[in-house]
Amino acid sequence: MTQSNGSAATPSSMPDWEKRFRAPRVGLPDWAEDAPDRSLFVSNATGTFELYAWDRATGAQRQATDRPNGTTDGVLSPDGEWIWWFSDTDGDEFGVWMRQPFFGWEDGRREDEPATPGLAPSYSGGLALGRDGTAVVGRSTDEDGSSIHVVRPGAEPVEIYRHRESAGVGDLSHDGTLIAIEHTEHGDAMHSAIRVTRLDGTVVSELDDTKSGTEELGLTVMGFAPRAGDSRMLVGHQRRGRWEPMIWDAVTGEETALSIDLPGDISAEWYPEPQGTAAEGGAGALLISHSFQARSELWRYELSTGQLIRVEIPSGTVSGATARPDGTVEFLWSSAAQPPVVRSTSGRVVLDPPALPDGLSKAPESVPVTDAWVEGPGGKVHALVQRPAGEGPFPTVFDIHGGPTWHDSDAFASGPAAWVDHGFAVIRVNYRGSTGYGREWTDALKHRVGLIELEDIAAVREWAVDSGLADPERLVLAGGSWGGYLTLLGLGTQPDAWAVGLAAVPVADYVTAYHDEMEALKSMDRTLLGGSPDEVPERYAASSPLTYADAVRAPVYISAGVNDPRCPIRQVENYVRRLERRGHPHEVYRYDAGHGSLVVEERIKQLRLEIEFAQRHLSLSRPAPQDRPARSLPAQDRPAQDPGPAPAPRG
């Protein structure tokens, strides 16, 4: 591989916080269903996140994509012969699927070709590949809404589905005869229904929990059974107040409940049986991913007996797991203190990141998180805390996650670790609207959007100050995407609470954002706020940071991608102009990418600018970042003892 981290610094002179970003990483390898030795993974080995092909039989690896702004969306065909990857323009998420042979180098040239030449560019709505070369392609555009197309080799694409509301490809059955579609035709973008069709669009069956009594419940496709002729499907449902799986036969309509006695959200995939056994091909067991209180577990669930068998993993967070045909499980694991690594139940590290030319091979460790449970207006709020060495109170960053349907977990994150290195405590709040704490907690985010989350953040802020952890005069509100939105909204609605605000790719002017964003996000906003800006203008005004821009007292730093389709640049500029008219202290950094960057040096630059802005406006000196381990909260502050499937509109 060609490797370059874009910096002349050597490991000895580079601060730990930069090493964490620059250290080579690999994602969980995906593997071809019928050729499991052929795998595809994401790595930042060149300094930009790109796709890599890996032939496990020989150990050979090669970089499959090479674009200035990076590539992360890729799929292997079932036979392992083709790599499909999504090609957008400078991070705008609007593009087409390309493909190349798995062994795709001849005479030094990459053999990329349009994978679906009859389809115009669009936002991606999912992709499923069949064993006969058929592709099922989901698309969405602002003009036409959502559509799904069947593309057979050598034939023109055939549209089998179209609707104004958001929809996407869920899965294609093993024999390529059934297509599962997740859709929101009912108008609730937070709770999908499932439709199964044949390749000509003929409807086979429907599963819809969106009108279950007085509640609206969601469903998600977890995958068809991995055997030809088997019409069973794993479906995630919310019928018992959380995400958990059941088995649904898409042809007969038979539902099989699964008795999995674990707290928290549960997802599942079919567990392949080892080759050469009577059950070869799978469908006899499930690999269970269990998320609870910001940490993860893995289990094997025997369908015949209902027995749960623990898959031994360290305490922390599993960001992805897959069961291999040889019976082993591979998983991407990390904790707040330990950098990510792809491990196997065989006991070995599956895929070592390559060392960079400067010798950097592993990210430095950080400090562990401790848990805080704070009584809030909607119930107990879970927050994750990292603190630097020494005695508080500390300058403190409230690092607010995006989504909003997402949650922070005990996982390695270079951003929070950098703040700790610079002497800040970091608090991450899983406010109402977050996943991982049951359906009611997620669905509580309705109509008073933004204001609800900030009530929970305020409760945790009060706890942090009262406990002596946080210095009330040096509180920083920060976040990206939805976290950036909450930052700007919080600066305006809680102006006396915050000393500095740092907002990355935020929603700043909700009405303009609605009109400029991709169609799928319009649907989500209508769901959250109960209608469009024309239908409920008072709700959009109450939830828009622009409404409160004149009340902001803290200095504001904003970074934004000029090609961002989720939090478009025009609405950010509207907010900035309001600050300019007031002469309010602020800085804006605009960069040529979309909703964030896949370029390592760009990520480092953005965080460096944020840290310097905060230090300057908090009148902090700039000592060398701390490299020693930090003190954690005492054991009595930790509980004795997390994400389910849910849409994450802005990340």
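Modeller: Happy to. Let's begin with helix α7 (residues 519–529), which is mostly covered, as nine of its eleven residues are buried (under 20% relative accessible area, with a 1.4 Å probe and protein chains only). Helices here are DSSP runs of H or I with at least four residues, strands are runs of E with at least two, and both are numbered from the N terminus. Before going on, a word on the source: this is a predicted model, in which local features need pLDDT of at least 70 and side-chain atom pairs count only at pLDDT 80 or more, while totals for chains, interfaces and linings use all residues. Residues are numbered from 1 along each chain as its sequence is written, and side-chain values use heavy atoms, with hydrogens and water left out.

The buried residues of α7 are Glu-519, Leu-521, Lys-522, Ser-523, Met-524, Asp-525, Thr-527, Leu-528 and Leu-529. Their cover includes β12 (135–141), α5, α6 and α8 (537–543). Just after α7 comes Gly-530, with a positive phi of about 85°.

Leaving aside neighbours within four places in sequence, Val-511 is in contact (heavy atoms within 4.5 Å) with Pro-533 and Tyr-540.

Helix α5 (residues 482–493) packs with helix α4 (residues 451–466) at an angle of about 75°, their axes 10 Å apart. Axes are lines fitted to C-alpha atoms, for helices over the stretch in contact, and angles run from 0 to 180 degrees between N-to-C directions. The angle makes α4 roughly perpendicular (65 to 115 degrees) to α5. On the α4 side the contact involves Leu-451, Glu-453, Leu-454 and Ile-457, and on the α5 side Trp-482, Leu-486, Leu-489, Gly-490 and Thr-493. By class, these residues are six nonpolar, two polar and one charged. Here Ala, Val, Leu, Ile, Met, Phe, Trp, Tyr, Cys and Pro count as nonpolar, Asp, Glu, Lys and Arg as charged, and the others, Gly among them, as polar.

Ile-457 and Trp-482 turn up again in the largest nonpolar core, which has 59 residues; together with Phe-398, Ile-427, Val-429 and Tyr-575, they touch the most other members. Such a core is a set of buried Ala, Val, Leu, Ile, Met, Phe, Trp, Tyr and Cys residues joined through side-chain atoms within 4.5 Å. The largest share of this core, seven residues, comes from α4. A second, separate core of 28 residues includes Val-426, Tyr-557, Tyr-589 and Leu-607.

Gly-415, Ala-418 and Trp-419 of α2 meet Leu-607, Glu-610, Ile-611 and Ala-614 of α10. This contact has five nonpolar residues, one polar and one charged. Seven of the eight residues of α2 are buried, so α2 is largely enclosed by the rest of the structure. The elements covering them include α1 (16–22), β31 (379–386), β32 (394–400), β33 (425–430), β35 (500–504) and α10. After α2 comes Gly-423, with a positive phi near 90°.

Notes
Angles under 35 degrees count as roughly parallel, over 145 as roughly antiparallel, 65 to 115 as roughly perpendicular and the rest as oblique. Buried means under 20% relative accessible area, exposed over 50%, partly exposed in between (1.4 Å probe, protein chains only).
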